[in-house]
Amino acid sequence: YICGKRLAPFLPELVPVLERFEELVLDSDTRSKLLTISAATIDRLLRDEKMKQRLLDPARPKPDRALLRQVPIVTHSEHCVNRPGYVQVDLVAHDGGCARGEYCQTLDVTDLYSGWTETQAVRNKAHCWVFAAMRDIRGRLPFPLMGIHSDNGPEFINGALYEYCLASGLEFSRSRPYQKNDNCYVEQKNYSVVRRAVGYLRYETKRQLMLLNRLYLMLRPYTNFFQPVVKLVEKVRMGSRVRRRYDRAQTPYRRLLAWEELTLATKRQLETVYLGLNPAELKRGSERIQRLLLKEVEGQAVPTQPSRLQAGQSS
C-alpha cells in the first residue's frame, strides 16, 4: 500500500506487467485513466482502504569499548555515496512486546544508493547468527559490497565482523549512540518492509523462523523490482519551515540499471529475472505465508514482563 507519489510514476510500468500475466484486463478508457491518474487522486481513493489495513500501534520494547574506539562514527549528514555497495544494517526484534526469553530477529540490509533491501531472519541476536546471515546476504547482492554501517549493538560491533571487514577491504562504520537518524535508511525499511510484512507478533520457534525466511524470499523480488522509492534531492530552510524536494520515484532495480558502472552481465541477469516476475503472484504468495505465520502464533503463550516489584522480590 505505497503512497500516491510513489505509485503514480510507476503505474505506466506496472500496468503492462500485470496485463502480461493477465492479472488485469482493462478497457481502453479505464486503462487511459489509470495511466494518467494523479498522486493526490490515488491517495484520496485509497484512503478508506488503507485505514482498514493499517497495523496496530507497536509495543515498545555492551559492546567491547576497545573495539568501539576502532570503528569510526559516521553521522547522517556524512552519508554521501554515488555508487551502490554502501549498506546500513539493523536488527528487527520479533518479541511480541516482551523481551524475555529467546525470539527471532530479522537482519535488515539496505543499500544507500539504490534502496535495494535484503532481509533474513535469524534465531536470536547472537553475533554468530548475524554474521552468518550477513555473509549470505552479501552473496545475494547484485553489486559488490563496499562498506557496512551499523548501530552500536554487540551483534554488529564484535571481533568477527570487524576482522571480516578488514580482511575483505570493507569500510566499517557506526552511528552515534541513541541517534537513530544516523541509520535512517535502514530504519525506514525496518517499518516499510519488515514490520508491514510480519507485524509486531512474537516469533520464536524453528518453524516460525523457517516461515519468516520463506516470506522474505517472496518479498525480496517484490520489494526490489516493484516497490518504487524516492530520494531526497534538496532540503532548503525557509524561515521556520524546511522545504524538501525529492526525485522521481523509481524502483531499486531501475536505479541499479541507471548506474553507469553496472556490468553488462549483471544488467542482463537482472533484466532476465525481472521479465519472469509476476508482482501479483508474489503478493499472493507472501499473503499465503503471512496467514501460515498467523496460524502458528495463534494460542501461543507470550511471556509476560515482570514488574519491578516482582523482579526485586525474585532477586
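S286 has a relative accessibility of 4%, and because buried means under 20%, S286 counts as buried. The model is predicted. S286 belongs to helix α12, which spans residues 279-297. Leaving aside residues up to four places away in sequence, S286 touches L215, M218 and L219.

**Cores**

The largest nonpolar core contains 52 residues. V89, L107, I148, L161, F172, F225 and F226 have the most contacts inside this core. One of them, L161, touches F131, I148, F156 and F172, again not counting residues up to four places away in sequence.

**Helix α7**

L161 also lies in helix α7, residues 159-168, where L161, Y162, Y164 and C165 are buried. Viewed down the axis of α7, the buried residues fall within an arc of 160 degrees, so they line one face of the helix. The face turned away from that buried side carries L166 and A167, which are exposed.

At the N-terminal end, N158 caps the helix, with a side-chain oxygen 3.2 Å from the backbone nitrogen of A160. Just after α7, G169 takes a positive phi of about 70 degrees.

Methods
Residues are numbered from 1 along each chain as its sequence is written. This is a predicted model: local features need pLDDT of at least 70, side-chain atom pairs count only at pLDDT 80 or more; totals for chains, interfaces and linings use all residues. Side-chain values use heavy atoms; hydrogens and water are left out. A nonpolar core is a set of buried Ala, Val, Leu, Ile, Met, Phe, Trp, Tyr and Cys residues joined through side-chain atoms within 4.5 Å. Buried means under 20% relative accessible area, exposed over 50%, partly exposed in between (1.4 Å probe, protein chains only). Contact means heavy atoms within 4.5 Å. Helices (H or I, at least four residues) and strands (E, at least two) are DSSP runs, numbered from the N terminus. The arc is that of the directions from the helix axis to the C-beta atoms. A polar contact is a pair of N or O atoms within 3.5 Å; within protein, one must be able to donate a hydrogen and the other to accept it, and residues adjacent in sequence count only if both atoms are side-chain atoms.
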